[in-house]
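Student: I would like to learn how to read strand pairing and aromatic contacts in a protein model. Could you take me through an example?

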Amino acid sequence: MADFWKADGWDMMQLVAGQARRAGSVTGAAMIAAALLLPVSAHAQAQNGLSNLFGGIFSGPNAAPSQPAPGPGGALPWSGEDGASGHPLMTAAAIREAAGNFSNCVAAMWPDAARRNITQENFQRFTAGLSPDLRIMDLMDSQPEFTKSIWDYLDILVNDNRLAKGREILAKYKAQFDATEKATGVDRYIIASIWGIESNYSTQMGDRSVLQSTATLACIGRRQAYFKDEFLSALEILNRGDLRPEQMRGSWAGAFGPTQFMPTAFKRFAVDGDGDGRRDVVDNPTDLIASTANNLKKDGWQAGQTWGFEVVVPQGFNYMLADRAKAMTIAQWEKLGLKRATGQPFPHPAEKAYLLAPAGAQGPGFLMLQNYRVIMKYNPAEAYALAIGHFADRLRGGQPFVQPWPRQERELSRTERLELQQLLAQRGFYKGTPDGQFGGQTREALRNFQASIGVPADGFASSDALERLRGR
């Protein structure tokens, strides 16, 4: 999920970000997270599940231009417009030219497919009749004007209905979770959380052909090299017989199955959990649970440990320390005045953690451990990883977060975010190219500005921060 994300902000870099798990977009809840935090995610499911949810949740009623009338089957056609990224391969002319050469582009990948031991018969069978889905070009480059806050995101993903379904799933597949947890050490509640947030427990997995989507992106647009690997990997999966073409349906970026595997991630992490000779992460719960756990284990999951803790940050705290690169032992954080929000002691004071303050000084803080970093490898959006960890805790019987969010704060529009970056650049704090997409560089610049005027340097892009930059 993390491969396609630009993982560095609380902003929905694109509808794509909101929709990508490992390669391009997400379908369920990950989309929301992505939309909230990052530019382009890696897990993808743009038009279904979370994707659909994202479109309405993170965009205001007037955020997007009027859409063209649906085509056959209700699918929206390509707008025929240049992409918002400004990339030369995303101009309308470049898209049309590449689309006209689509068949030749696909055929030209046969030598690479042969090197991957895909038979010529299967290559021809699986690529016969493929046509480009140009609507994907709009999804890849969309830039919604409005986004939702992290607390709205958490409200949407961690809800009573999803929790109830998660508990049913944990009970129904207890034997599979038992065996997987014993074999890998990966927490069953985290696996169940990913399943629930990625696809709402297999009910929102996306309905685009993975072959068509990845072939389109391999031949058209700005990520062709990346998606060529995804397309060829999808062919490998079909050639081996792990899945059938009709099972490989998902997001516009090619993520499929209840926990949204990109084809390349499937190759790295999918396992045959029940020994039937196939790695079926779509319809076989045993393979799905085992493969998702294997993914987390290979990414560094630490058995028997949690993902992090909600903490109370004292007044006057130096928020310049709230940085992923500034990890310290929990004992050191305690000396700086941080305490668990529940009042309980920290179980392992020698563990290293970093402080995350997603809503700045006005909201709760979180000390994040190694397993949170592992979740972020699955999808590099902070909001997504926080939702996964919190949802898992709730599934095991934990309580909602203790401290309130600053719900009185409104999210800045994309126009305002662009202005904020421009003003930071004018003052010498921001060195990047203003694009209205907030990431680590923007937050660092904002913290430095805040420190220079003597206010809490929490990097939270509030309307007050923008007004201060305007000099009002």
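Tutor: We will go through the sheet and then the aromatic rings. Please keep in mind that this is a predicted model.

Student: What helices and strands does the chain have?

Tutor: The chain has 21 helices and seven strands, and 57% of its 472 residues count as buried.

Student: How do strands come together in a sheet, and what is the strand order in the open sheet here?

Tutor: In general, the strands of a sheet pair through backbone hydrogen bonds, in either a parallel or an antiparallel way. Here, five strands form an open sheet in the order 4-6-7-3-5, with antiparallel pairing. Strand 4 (328-329) and strand 5 (339-340) are the edge strands, each of which pairs on one side only. Strand 4 is joined to strand 6 (residues 352-356) by two bridges, and T329 stands opposite K352 of strand 6.

Student: How is a pair of aromatic rings described, and how many aromatic pairs are counted here?

Tutor: One gives the distance of the centres and the angle of the planes. The count here comes to 15 aromatic pairs. One of them is the tilted pair of W307 and Y372, with 6.4 Å from centre to centre and 40 degrees between the planes. Because W307 lies in the loop between helix 15 (285-298) and strand 3 (308-312), while Y372 belongs to helix 17 (residues 370-378), this pair ties together parts that are 65 residues apart in sequence.

Student: Are W307 and Y372 buried or exposed?

Tutor: Both W307 and Y372 are buried. Elsewhere, ring pairs link W151, F366, F401 and W405 into a cluster.

Methods. Residues numbered from 1 in each chain as written. Predicted model: local features only at pLDDT ≥ 70, side-chain atom pairs only at ≥ 80, totals over all residues. Heavy atoms only, no water. Helix = DSSP H or I, 4+ residues; strand = E, 2+ residues; numbered from the N terminus. Buried < 20%, exposed > 50% of the residue type's maximum accessible area, 1.4 Å probe, protein only. Pairing = 2+ DSSP bridges. Phe/Tyr/Trp six-rings, centres within 6.5 Å; stacked < 30°, edge-to-face > 60°.
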